Each structure stands twice: as structure tokens, then as C-alpha cells.
2 protein chains.
Amino acid sequence: MLTSECICTHLRRAARGVSRHYDEALEGFGINVAQFSLLRHLRRLDQPSISTLAEAMGLDRSTLGRNLRVLEADGLVALAEGQDLRNRIVLLSEQGRARLQAAEPAWEQAQSDLIQTLGEGQRDELVRLLEMLA
Amino acid sequence: MLTSECICTHLRRAARGVSRHYDEALEGFGINVAQFSLLRHLRRLDQPSISTLAEAMGLDRSTLGRNLRVLEADGLVALAEGQDLRNRIVLLSEQGRARLQAAEPAWEQAQSDLIQTLGEGQRDELVRLLEMLA
DNA sequence: ACATAATGCGTGTATATACCCGCACCTGGG
DNA sequence: CCCAGGTGCGGGTATATACACGCATTATGT
């Protein structure tokens, strides 16, 4: 019976383990998978505000703000003022873009490992199910 | 194409969101879903050492040690010395057992919400896929 | 028995994450 | 014009998480 198993516990555990796998692959590039993900979101979005980016990533605003500081200190992102004096705009720096590109093959390898474990069909199925929960 | 989507990012995001859902349900019981999970593991296992429990939960040993301190300060778990002077044994206190029992209906509700979203078939499928990754 | 290896843990350090609170700043209604 | 409410953000605090390192203890090989 799966009834007594906590779905959340399974999710958290898998997230930890898979994150370790990706982090290992990204070792030597100076970013972990959370930062990799942030940079990818940033490359895809057009100069989002902190709140917009946080919303896009499903992160709390204050969490994203703190995560950004680490990348800012490393020169990978920059924060500029928006037209509104309240909000700030997040920018992917050239270094950030370069770092992301450099790390992408390693990410691809980690992703391939996982797909090899799951098979493409189950990979698609997993992503579909995860999207239902987001 | 799903090829360009990061499985790990999806996993982490879903874990965050679902954790928030469970945490919300557990509000008022003084434990979050990570702690709930720890207490459940502890109830299931027989006086594990820190390493054994960490292994069972797929957590780093040092992480579990720190998580235990929070619960210990709240009187929900206790740490005793094992026969080996190196290792320590983790015990679920009576308060811990009671707290767990008290929180279980709320957990059940959160779990039910999720199953209603997924359906039982997809719930089983999700858990099966997550176990492949652990 | 002794030296070496393995085991179990704690600490230091760093990042990730969330919630609450408060401070600016904008926006509408009057 | 001004004031109430909404918006965007940072800081405080707490927990979760991992890795590297070191210390004490136990096990092992000769």
C-alpha cells in the first residue's frame, strides 16, 4: 500500500539526491544546480524584476533576493534600478552568460544520466506529473 | 520538446511547492514537513544511530545531526549513547510520539489534497518514478 | 601489541529556503 | 492635494542542506 507513504517526503528526497547528482556534475564551474537554474531562468526572461523572477521560479521573493546576492558577488548577475524607484531589475552579466554556457555541457551530461535511468517516456511522464504539482 | 528542460529544476520546484502545502497543513502543530518526516522515520526504525537514520532518509549525516538538535531542543527526540562510544542512538520521546500522532490528521488532509489533484493512479506512478531517482 | 585503516560524529562554512515585519514608494479616491 | 491602501523590496530570524575537516574510538593486519 502506498497510502501510508508521504508524497512530500519522496519528493524532497528525490530532489536532494538528484540535486547532488547535478551538483557533482557542475563541480568545477563554480555554480550549483540552483544557481544554474536561476541563470537559465534569467537568460530566458527579459530583465525581470526580483518579484517577477521569483514568481517564475516558484521561489519566495526574499529567498531569491538572497540567492541573487551570491551570484552578484561573483559577478554573474547585476541588479539595476527599474523605472519605478521601488523595484530592481535583474540582469545576466556577460560573465554570467559565459559561465552558464561553460557549465551547460556538464549539465547536459547529468541530465543524460538521469534520462538513461528513466528512459525518455518516463522522463516525460515525470516532468508532466511534476508540472501538475507546481 | 522537453529536452531542454532541467529535470532537477522541476523536481526542486515541485518539492518546494508541495512542502509549502504540507507545511501549511501542519501549521499549529509546531513541526514542518521535514520534521514530520524525520519523526515518522524514527518511529518506524528501531533506535537507529545518526548515520543509520541519515542513510534511511537520504540525508547527509551532518545535516541530520543539525535537524535533530532542533527537535531535541523541543523535547521531541532524545539522543542516547550507544554501546560503541562513538555512535549515538536517536530516540523518539513520548512527546515526539504524541506530537506526531496529533499532526497526522493534518498531514493526511494535505496528502489527500494532493491525491485529489493527481488521482491515485498518477500518485502511484509519481512515487514509483521518484523511487527510481532515490 | 602496535601501527594503520575504518567508523561515527561534531564543527566550520556556505548556500537554499521561508515567513514576518517594516520602509520606501506608487496609486486612487475624495 | 492629501491620505489610505497597495506594491516592491530588504532585513531579521529560523530551519534545511551539504561538504570538508578533524577528533575520538574501534577494528584490522602483521
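## Exercise 1: Where the two chains meet

Between them, chain A and chain B bury about 4,700 Å², with 66% of it on carbon and sulfur atoms. Keep in mind that this is a predicted model.

**Task.** Work out how many residues each chain gives to the contact, and which helix of chain A supplies the largest share of the side that touches chain B.

**Solution.** 
- Step 1: Start with the residues. Chain A puts 49 residues into the contact, and chain B puts in 49 residues too.
- Step 2: Now look for links across the contact. There are 18 residue pairs in polar contact between chain A and chain B, both partners at pLDDT 80 or more, but zero salt bridges.
- Step 3: Go through the helices. On the side of chain A that touches chain B, at least two residues come from each of α1 (7-26), α2, α3 (50-57), α5 (94-118) and α6 (120-133) of chain A.
- Step 4: Pick the top contributor. That's α1(A), which gives the largest share, 14 residues.
- Step 5: Sort that side of chain A by residue type, and you get 25 nonpolar, eleven polar and 13 charged.

## Exercise 2: Around the DNA

**Task.** Find which side chains have an N or O atom 2.9 Å from a phosphate oxygen or 2.7 Å from a base nitrogen of DNA strand C.

**Solution.** 
- Step 1: Get an overview. Of the 26 residues around DNA strand C, the nearest are S62(A), R20(B), S51(B), R69(B) and R88(B).
- Step 2: Check the bases. Here it's R66(B), with a side-chain N or O atom 2.7 Å from a base nitrogen.

## Exercise 3: One arginine

**Task.** Decide whether R123(A) is buried or exposed.

**Solution.** 
- Step 1: Locate R123(A) in helix α6 of chain A.
- Step 2: Compare its accessibility with the cut-off. Buried means under 20% relative accessible area, and R123(A) has 4%, so it is buried.
- Step 3: Find a partner. The side chain of R123(A) makes a polar contact with the side chain of D124(A), at 2.7 Å.

Technical notes:
Residues numbered from 1 in each chain as written. Chains lettered and ligands numbered in written order. Predicted model: local features only at pLDDT ≥ 70, side-chain atom pairs only at ≥ 80, totals over all residues. Heavy atoms only, no water. Near = heavy atom within 4 Å. Polar contact = N/O pair within 3.5 Å; in protein donor to acceptor, adjacent residues only side chain to side chain. Contact = heavy atoms within 4.5 Å. Buried area = accessible area lost by both parts, 1.4 Å probe. Salt bridge = Lys/Arg side-chain N within 4 Å of Asp/Glu carboxyl O. Helix = DSSP H or I, 4+ residues; strand = E, 2+ residues; numbered from the N terminus. Nonpolar A, V, L, I, M, F, W, Y, C, P; charged D, E, K, R; others polar. Buried < 20%, exposed > 50% of the residue type's maximum accessible area, 1.4 Å probe, protein only.
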